[in-house]
Amino acid sequence: MRETVLLNAAAALVADGSQPGTGEGTLVERLRAGMDVAARSVDSGAAAQLLERWVAASRR
């Protein structure tokens, strides 16, 4: 399940292309870079914090 979440996030990051490594190289290289960015966000808790802020904002 973790890899599925990371791959979906990586695809969004590649579409955006603003994160390091997600805007250049082959698609596979860009997806790997996106998965690295996504994994760091999940592992650091940044993704969960952002989700909490979105939930709080949606209750207003």
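This is a predicted model: local features need pLDDT of at least 70, side-chain atom pairs count only at pLDDT 80 or more; totals for chains, interfaces and linings use all residues.
Q: What makes Met1 exposed?
A: Its relative accessibility is 82%, which places Met1 in the exposed class. Met1 belongs to the segment before helix 1, and its C-alpha atom is 26 Å from that of Ser58, a residue 57 places away along the chain.

Q: Which residues does Val42 contact beyond its neighbours within four places in sequence?
A: With those neighbours set aside, Val42 touches Arg2, Leu6 and Ala47, where contact means heavy atoms within 4.5 Å. Val42 itself sits in helix 2, and its C-alpha atom is separated by 17 Å from that of Pro20, 22 residues away along the chain.

Q: How do you know that the pattern of the protein is α-α-α?
A: The protein has three helices and zero strands, the helices being DSSP runs of H or I with at least four residues and the strands runs of E with at least two, numbered from the N terminus; read along the sequence, this gives α-α-α.

Q: What describes the packing of helix 1 and helix 2?
A: Two packed helices are described by the angle between their axes and by the distance between those axes. For helix 1 (residues 2–16) and helix 2 (residues 27–44), the angle is about 115 degrees and the axes are 7 Å apart, with axes fitted to C-alpha atoms over the stretch in contact and angles running from 0 to 180 degrees between N-to-C directions. Among the residues of helix 1 that take part are Leu6, Leu7 and Ala10, and the helix 2 side includes Leu31, Met35 and Val42.

Q: How many of the 60 residues are buried, as a percentage?
A: Buried residues make up 18% of the 60 residues in the protein, whose C-alpha trace spans about 40 × 20 × 15 Å along its principal axes.

Notes
Residues are numbered from 1 along each chain as its sequence is written. Side-chain values use heavy atoms; hydrogens and water are left out. Buried means under 20% relative accessible area, exposed over 50%, partly exposed in between (1.4 Å probe, protein chains only).
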